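Biologist: I would like to go through this model and ask, for each label, what it rests on. Please put the structure up.

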Amino acid sequence: MSATSQHAATQPLTMSGAEVVLRALKEQGVEVIFGYPGGAVLPIYDAIFQQNAIRHILVRHEQAAVHAAEGYARSTGKVGCVLVTSGPGATNAVTGLLDALMDSIPLVCLTGQVPTHLIGNDAFQEADTTGITRPATKHNYLVKRSADLARVVHEAFHVARSGRPGPVVIDLPKDILINKAPYTEAPPAAQPHRSYRPVTSPDMAQVRKAVAMMKQAKRPVIYAGGGVINSGPEAARLLSDFAHLTGFPVTNTLMGLGAFPSQDPQFIGMLGMHGTYEANLVMHGCDVMLNMGARFDDRVTGNLAFFSPGSKKIHADIDPSSINKNVKVEVPIVGDAGQILAAMIQVWKEDSQPPMREALAEWWRQIDLWRGKNCLQYVQQGKIIKPQHAVKRLYEITRESGRETFITTEVGQHQMWAAQYFGFEKPNRWMTSGGLGTMGYGLPAAMGVQIAHPDALVIDIAGEASILMNIQEMATLCQYRLPVKVFILNNEYMGMVRQWQELLHGGRYSESYSEALPDFVKLAESFHGVGLRATEESQLDDVIREMLATDRPVIADIAVAKDENCFPMIPSGAAHNEMILGPGQEGGVAGVTDEGKVLV
Amino acid sequence: MSDNLENFRSATIAVLVENEAGVLARVIGLFSGRGYNIESLTVAPVDEDRRLSRITVVTSGTGMVIEQIKAQLDRLVPVHKVSDLSLAGPHLVRELALIKVVGSGEHRVEALRLADAFRARVVDATTESFVFEMTGNADKIDAFCNLMRPIGLKEVSRTGAVAIVRGSSALTV
């Protein structure tokens, strides 16, 4: 028994479990909780009422609380915190938790639970929360003894933020919250956990092996993902340093956008299913690939059998289970992206072997030819607004404004256009649901971002279908005067579903038309926000400018071309060199095989 | 595909875990959620003072899948150590079985004869039944059960494999 707990044991207990929870949150640096009250968590709400250190943001649906905490976490690098009640409160949070798990976002979610003596009795608002959330969290706890309470809260934050970050649930029975409980401080950082010890510093022998391989590379690529963002802004800076040191081209995953500046001449765009022509052909044709903090996701690799067939691969990841999961690699390196990049820079400089400069110059000439295809070009003609043009103008006008800008998205075509046409120069400015693909993510995530960055410009690039999945959060925006901008690319379709139906299902648009849409301008007004609309190209810039100038929540309803498809596209089951390009552009037009149709 | 089939192997994996509520559910959920095979799984506390339990799981898959299973197990928060005994070198695998045989006359005599040959112990007897206890690897128990079937095999209860590496090296925290 440690000195602190001995001390605690002999002291008369003065704090309720709920007060212990709040004190532990405060010690963990929590400033904001996103939540929704209910019977089982009333003791915590009572404790919140009687203090000022932690601010509570009342959402309108528990799923939104989790996404808001995700936006908060991803834009700050801190752990997001959520508080929901038992039963339906917890089950509503599940989608958000799994979203955070897939995208490695650090969260701690406190869920209420029926009192310990009622657990298992099918009590009112009882759910087996730890059972339900087990595969949706990095770890979860059910606190059944008051003595464990403070320790569990501290441990939950440690688990959420360390290693590969992720969501952690703490299920809190109501009697544990009401009964007196001892407080114990967080263990010192140096004291390791009994069983959980993620590796962060890389094995230098592996780093040297990787650098030796990269020095020999004639057609290299750096493929950087969300691991660089999670490591912190320093890792993104080191990624730029390493790229400039080596002269290698850099592509980012969807989760990695902003890890490398989009304006950097060595940036070749996003890769994957809707990545650029040049990025995917570089991946296909490279001889050495450095995967820095990405996970060879199926959206990135396309058909694994034909994925980058001629390359030797180095995979740097903090999660050993991500390595050799989908793609076999020659050099695995387990560790934190920032630490690995720092080590690579050091070894590269020490190593006397010169890189293959001539071959690299030849590789860049090839890349420039691919770039010359200008795969993201589109033709904006006439009155109808092309969705790509809407995003491009949004990007250009926000850049001109010079304001610190954060972008969130929902899921679908608009998300891919945002990824393609909005450039990011810094990490933590781009929040999107990558792994789980959760429609309804963007508005609550934007809310969380705006809470963390009250003076910044926060825009949710949305589709008219996705936005309706968490539209109730307009009320939260209004209550807390959060001037989030919702920029809807309204094509009256679940656009990505419609696109797949066009390309794969004979144009039978089964249930993908957005019938009976609300009037988004009036909808915004009814939530005490501002509604704007552009139906013709000539109105677009004015609407964007007015939106940016408005210091209140705004919905800008942008009517865009209804049948526009998102290109380039690697059809399901195809390889990187079988991209479909937009109309008027030649490319490998691969037919979709039956095997491909099975894939999502 | 042929490559995958060639790499297909069985693995006996020992996992040292915190002896706490829910840990077995985490392990089993991992196998079912990710579509891994479980051929057998055993669990029991092995060190009360240090709150440790040991899980032995016999699984099969391609080399890549087995590596995944180990990495996925290792990243569970309450998991201390994961060891692939199939790769760790020579190791012992044992299973305990309780086997009930019901019959009369010549069948009873034959059952006892076979039990003797397999070194199975009689742990319960009535005038019409025996319960045999035997330990061994899975093949030995399979063979015994198959021989008992025509004689009157009624019920079998098996533990699944437990395993340990030979020699002085040990899996500890």
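Biologist: Why is A:F49 called exposed?

Modeller: The label rests on relative accessible area: buried is under 20%, exposed is over 50%, and partly exposed lies in between, with a 1.4 Å probe and protein chains only. A:F49 has 73% relative accessibility, so it counts as exposed. A:F49 sits in helix α3 (residues 42–49) of chain A. Its C-alpha atom is 19 Å from that of A:G29, a residue 20 positions away along the chain.

Biologist: What are the conventions behind these values?

Modeller: This is a predicted model, in which local features need pLDDT of at least 70 and side-chain atom pairs count only at pLDDT 80 or more, while totals for chains, interfaces and linings use all residues. Residues are numbered from 1 along each chain as its sequence is written, chains are lettered from A and ligands numbered from 1 in the order in which they are written, and side-chain values use heavy atoms, leaving out hydrogens and water.

Biologist: What makes A:D122 stand out in its backbone, and is A:D122 buried or exposed?

Modeller: A:D122 is not a glycine, yet its phi is positive, about 55°. At 73% relative accessibility A:D122 is classed as exposed. A:D122 belongs to the loop between β4 (107–113) and α6 (129–133) of chain A.

Biologist: Why is A:S308 placed in its accessibility class?

Modeller: The relative accessible area of A:S308 is 0%, so A:S308 is buried. A:S308 also has a positive phi, near 35°, and is a residue other than glycine. It lies in the loop between α13 (298–301) and β11 (312–317) of chain A.

Biologist: How do you know which form the peptide bond from A:F567 to A:P568 takes?

Modeller: Omega is near -5° there, and the bond is cis. A:P568 is in the loop between β18 (554–559) and α23 (594–598) of chain A.

Biologist: What makes a stretch a helix or a strand here?

Modeller: Both are DSSP runs numbered from the N terminus: a helix is H or I over at least four residues, a strand is E over at least two. Chain A has 23 helices and 18 strands, and chain B has 6 helices and 9 strands.

Biologist: Why is helix α12 of chain A described as largely enclosed?

Modeller: Of the 9 residues in α12 (residues 277–285), 8 are buried, so the rest of the structure largely encloses this helix. Among the buried ones are A:Y277, A:E278, A:N280 and A:H284. The buried residues of α12(A) pack against β7 (220–224), β8 (250–252), β9 (267–270), β10 (288–292) and α15 (357–371) of chain A.

Biologist: How do you know that the radius of gyration of chain A agrees with a compact globule?

Modeller: The radius is taken over C-alpha atoms, and the globule rule is 2.2 Å times the number of residues to the power 0.38. For 600 residues the rule gives a value near 25 Å; chain A has 25 Å, which agrees. The C-alpha atoms of chain A fill a box of roughly 75 × 65 × 45 Å along the principal axes. Buried residues are 61% of the 600 in chain A.

Biologist: Where do the domain bounds come from?

Modeller: They come from an automatic or database domain assignment. For chain A it gives domain 1 (3–178), domain 2 (204–371) and domain 3 (387–559). The contact between domain 1 and domain 3 of chain A takes 24 residues from domain 1 and 28 residues from domain 3.

Biologist: Which domains does chain B have?

Modeller: Chain B is assigned domain 1 (2–88) and domain 2 (92–162). The C-alpha centres of these two domains of chain B lie 29 Å apart. Their contact takes 5 residues from domain 1 of chain B and 4 residues from domain 2 of chain B. Buried residues make up 40% of the 173 residues in chain B.

Definitions and conventions
Contact = heavy atoms within 4.5 Å.
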